[in-house]
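Student: Can you walk me through the disulfides here? I'm new to this one.
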Amino acid sequence: MSELRKNLMHRFTLVAVGAVTALGGVSVFAQSPGSTVDTIQKRGQLVCGVSQGSAGLSLADSQGRWSGLDVDFCKALAAAVLNAPDKVRYVPLSSQQRFPALQSGEIDVLNRNTTVTSGRDAGMNVTAPAIVFYDGQGFMVPKKLGVKSAKELDGAQVCVQPGTSNEQNLVDWFSTHKMKYRPVVIENLVELENAFYAGRCDVYLSDASTLAASRSARAGNANDFVILPERVNKSPLSPWVRDNDTQWIDIVRWTVHAVVAAEELGVTSKNVDSFSTSKDPQVRRLLGLDAGIGKTFGLNEKWAYNVIKAVGNYGEIWDRNVGPKTPLKLERGQNALWNKGGLFYAPPFQ
């Protein structure tokens, strides 16, 4: 290589690095590829970004113990990588804080009821490995207003969080239906919900699951509020990770697939040990009874067994956190398995 070419390449590298630094360092250089699992294992703890409090999804009790569907997927990842589902530090994040926290490396994974959109997936150096909840945005109103449809909301004051897909969908929906509204924009989720229940706005727009969680946990009398039938948009929810670490992306994706596959195969947290002599090749590969799958992820062969033992299959996670016997009382619907009328199925473990 000529001396001139060497000098040019060196100058280009300095300019590129300088540009990244000037932009605040949020780039593919935020964390070197392949390092997330090593970082978690050396730390002995998974750092998981969650919401600031949404019943059924991620909520801390008075003792600081977190629970919810998103929390269970944090525990599942800790079980996969550390074989220790409780080795998780939860970081509550607002809608505007969540992606900067992920991009900067403050958290290892974002499990915070976050919708997959093209702009997020393609334009923010982050990726959504697998859907964990098929949701949709809706409107909740006080029953005393007598509103039966979102098409009756012309001129309403609407509570919404900034920096969310909900905010843009609100604009789109009212524009499409040639209606006007007055936004009440509040970043902190708890403050926003307090404002709604105090009557500062007529309508609360969010994912239907968030609305159901809020109504059950914060409404005082849940029967005083109704979620209108319209859905503003599809809202598939996924964990999010940085897109520069393919090993970690694969582990997050296939941890989700593992709990879905377990439900398909009838494997639960309670009966998983009874499958130790199973002849079913799918079960044997999933549970690491036949070696090979774990090695491809750089994990222990029992990683999926550890996940299922810790949090159960997808049906158990659903029923425990948001199902018919919980305050949210959500039916599976499109979140059922593919062979029961839903959208969930797991690709083959082989």
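Tutor: Cys159 and Cys201 form a disulfide, with their sulfur atoms 1.8 Å apart. A disulfide here is a pair of cysteine sulfur atoms within 2.5 Å. This is a predicted model, where local features need pLDDT of at least 70, side-chain atom pairs count only at pLDDT 80 or more, and totals for chains, interfaces and linings use all residues. Residues are numbered from 1 along each chain as its sequence is written, and side-chain values use heavy atoms, with hydrogens and water left out.

Student: Where do Cys159 and Cys201 sit in the chain?
Tutor: Cys159 is in strand 8 (residues 156–160), and Cys201 is in the loop between helix 7 (189–197) and strand 10 (203–207). They are 42 residues apart, so the pair links distant parts of the chain. Helices (H or I, at least four residues) and strands (E, at least two) are DSSP runs, numbered from the N terminus.Student: Are Cys159 and Cys201 buried or exposed?
Tutor: Both are buried, meaning under 20% relative accessible area, with exposed over 50% and partly exposed in between (1.4 Å probe, protein chains only).

Student: How many disulfides does the count come to?
Tutor: The count comes to 2 disulfides. One of them joins Cys48 to Cys74, S to S 2.0 Å. Cys48 lies in strand 1 (residues 46–50) and Cys74 in helix 3 (residues 69–82), 26 residues apart.
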